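Work through the exercises below with the sequence and the 3D structure in view. Try each task before reading its solution.

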Amino acid sequence: QVQLVESGGGLVQPGGSLRLSCAASGSFFGLNAMGWYRQAPGKERELVAAITSGGSTNYADTVKGRFTISRDNAKNTVYLQLNSLKPEDTAVYYCNAYVNFGSGVWYDYWGQGTQVTVSS
């Protein structure tokens with residue numbers, strides 16, 4: 001069983017910052033790509049940023065230059081630093097990870113989501 005536990009969401013004013021964390025726990029062999037997605041009311045879930053086990057990153061165009069994804073492989077944790085937040089960044093943010101149990105097959109896991117609200 002694998003759990004992804006997110007933290008760090010909240011209410012912030014436009015222009016403010018937040019840092020999201022997602023820790024993977026349980027019995028598994030390894031973690032591959034980890035990422036953050038978000039879903040705003042009435043919209044589809046979309047990729048925000050992703051990072052490979054080697055540190056290569058990918059960002060949605062809407063957050064480039066404002067958000068930074070990073071990971072600590074020793075802690076099985078991925079982070080998302082959100083700067084210069086805008087009201088349109090308001091959404092539930094979900095952590096995602098590809099987990100391997102030693103069989104060579106990677107399984108897709110999701111966190112429960114953390115709310116980010118940007119409002120004055």
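**Exercise 1. The hairpin**

Describe the hairpin that strand 9 and strand 10 form, and how the two strands pair.

Solution. Step 1: strand 9 and strand 10 form a hairpin with five residues between them. In the turn, Gly 102 has a positive phi of about 100°. Step 2: the model is a predicted one, in which local features need pLDDT of at least 70 and side-chain atom pairs count only at pLDDT 80 or more, while totals for chains, interfaces and linings use all residues. Residues are numbered from 1 along each chain as its sequence is written, and side-chain values use heavy atoms, with hydrogens and water left out. Step 3: strands are DSSP runs of E with at least two residues, numbered from the N terminus. Two strands pair if DSSP finds at least two bridges between them. Asn 96 has Trp 110 in strand 10 as its bridge partner.

**Exercise 2. A surface patch**

Which residues form a nonpolar patch on the surface?

Solution. Step 1: patches are made of residues with over 30% relative accessible area and no salt bridge; like charges are joined within 9 Å, and nonpolar side chains (Val, Leu, Ile, Met, Phe, Trp, Tyr) within 5 Å. Accessible areas come from the Shrake-Rupley method with a 1.4 Å probe, and for residues only the protein chains shown count as cover. Step 2: the patch consists of Phe 101, Val 105 and Tyr 107, with about 260 Å² of accessible area together. Step 3: Val 105 sits in the loop between strand 9 and strand 10. Its relative accessible area is 39%, so Val 105 is partly exposed (buried means under 20%, exposed over 50%, partly exposed in between; 1.4 Å probe, protein chains only).

**Exercise 3. The disulfide**

Which two cysteines form a disulfide, and are they buried or exposed?

Solution. Step 1: a disulfide is a pair of cysteine sulfur atoms within 2.5 Å. By this rule there is one disulfide. Step 2: Cys 22 and Cys 95 form it, with sulfur atoms 2.1 Å apart. Cys 22 is in strand 3 (residues 18–26) and Cys 95 in strand 9, so the pair links distant parts of the chain, 73 residues apart. Step 3: the link is left-handed, with -80° about the S-S bond. Step 4: Cys 22 has a relative accessible area of 0% and is therefore buried; Cys 95, at 0% as well, also counts as buried.

**Exercise 4. Salt bridges**

How many salt bridges does a search of the whole structure find, and what are the partners of Asp 89?

Solution. Step 1: a salt bridge is a side-chain nitrogen of Lys or Arg within 4 Å of a carboxyl oxygen of Asp or Glu. The search finds four salt bridges. Step 2: Asp 89 forms one with Arg 38, the closest N and O atoms being 3.0 Å apart. Arg 38 is in strand 4 (residues 30–39) and Asp 89 in the loop between strand 8 (77–82) and strand 9, 51 residues apart. Step 3: Arg 38 is buried at 6% relative accessibility, and Asp 89 is buried at 1%. Step 4: Asp 89 also meets Arg 66 in a salt bridge (2.7 Å, N to O). Arg 66 lies in the loop between strand 6 (57–59) and strand 7, so this pair ties together parts that are 23 residues apart in sequence. Step 5: salt bridges that share partners join Arg 38, Glu 46, Arg 66 and Asp 89 into one network.

Conventions
Helices (H or I, at least four residues) and strands (E, at least two) are DSSP runs, numbered from the N terminus.
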